[in-house]
Structures are given as structure tokens and as C-alpha cells.
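Work through the exercises below with the sequence and the model open. Each task is followed by its solution.

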Amino acid sequence: MSLMFMLFALLGSIVVLAAGSLALRRVVAYLNDRLVVEEATAPRVEPEQHVGGYVPAPRGQEDLPHSLRTRVHDLVALGRDEEAVRMVRERLGADEVRARRIVAALGGDGTGSRRALEP
């Protein structure tokens, strides 16, 4: 009698596990179908737009050390914009465009043209 009861309990547990597995597969399939539909109807994000992830903020003139900012400002005042751009590039490891933008924010035009000193 006890052997029959153990066999009945074993078969019952196998049926319960099979039913749970079937239910889980159906739920996962439903969620995958729903996800595919949501992706198809979601607005498309262009690759140029940054969404999530780590994107470093661009540095501006306020991120320059005080001594470098003073030296660059003096060079701009003397009309030596190219030298100021080169100094910013070397010290910050910036590219040409960003260095010119920083020099322009400090009062130079970033093109290296000589300007007359204002009285």
C-alpha cells in the first residue's frame, strides 16, 4: 500500500512540474511577443542622439586651471590665438575644434588672426 502511495505521489509531482513548465513557457512566449510589438511601435532613436550610458560632458573654459586660463587670456590679448589654441590642446588633450571653442570663450576668435590691443 505504501509503495502504491509513493508511486502516486511521484506521478503527481511530475504532472505538477510539467504543468508549471508549460505555463512558464506560455508566459515567456507572451512576453516576448509583447516586447516585439512594443519595439515595432516605439519611436525610432537616431544614432546621433545619446540615450543612456556614459557620455562625458564637454569641458568649457571654467574647467581650465587658473594659471592656464590666465596664460591663455594673456596670449589672446596679445593676438597670439594660435599659440593659445595649441597650449589648450596640449594641456587638456582636447581636439582642435574644442580648443578653439575654449579660446573663443576667453575672448579670442580662435583663428589665429592678429588683433590690435584695445586701450
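**Exercise 1.** Is arginine 89 buried, partly exposed or exposed?

Solution. Start with the cut-offs: buried means under 20% relative accessible area, exposed means over 50%, and partly exposed lies in between, with a 1.4 Å probe and protein chains only. Arginine 89 has a relative accessible area of 37%, so it is partly exposed.

The model is predicted: local features need pLDDT of at least 70 and side-chain atom pairs pLDDT 80 or more, while totals for chains, interfaces and linings use all residues. Residues are numbered from 1 along each chain as its sequence is written, and side-chain values use heavy atoms, with hydrogens and water left out.

**Exercise 2.** Find the salt-bridge partner of arginine 89 and follow the chain of pairs from there.

Solution. A salt bridge here is a side-chain nitrogen of Lys or Arg within 4 Å of a carboxyl oxygen of Asp or Glu. Step one: arginine 89 pairs with glutamate 96, at 2.7 Å from N to O. Step two: glutamate 96 also meets arginine 100, at 2.8 Å from N to O. Both of these residues lie in helix α4, four residues apart, about one turn of the helix. Step three: through shared partners, salt bridges join Glu82, Arg89, Glu96 and Arg100 into one network. Step four, accessibility: glutamate 96 is partly exposed at 28%, and arginine 100 is partly exposed at 25%.

**Exercise 3.** Determine which residue forms a salt bridge with glutamate 83, and how many salt bridges the whole structure has.

Solution. The partner of glutamate 83 is arginine 80, with the closest N and O atoms 2.6 Å apart. Glutamate 83 is partly exposed at 25% relative accessibility, and arginine 80 is partly exposed at 30%. A search of the whole structure gives four salt bridges.

**Exercise 4.** Check the length of α2 and locate its buried side.

Solution. Helices are DSSP runs of H or I with at least four residues, strands are runs of E with at least two, and both are numbered from the N terminus. The expected span is 1.5 Å times one less than the number of residues. For the twelve residues of α2 this gives 16 Å, and the end C-alpha atoms are 16 Å apart, which agrees. Next, list the buried residues: Leu68, Val72, Leu75 and Val76. Seen down the axis of α2, they fall within an arc of 100 degrees (taken from the directions from the axis to the C-beta atoms), so they line one face of the helix. They pack against α3 and α4, where contact means heavy atoms within 4.5 Å. On the face turned away from the buried side are the exposed residues His66 and Ser67. Just after α2 comes glycine 79, with a positive phi of about 85 degrees.

**Exercise 5.** Repeat the burial analysis for α3.

Solution. The buried residues of α3 are Asp81, Ala84, Val85, Met87, Val88 and Leu92. Seen down its axis, they fall within an arc of 160 degrees, so they line one face of the helix. Their cover includes α2 and α4. Glycine 93 follows α3 and has a positive phi near 70 degrees.
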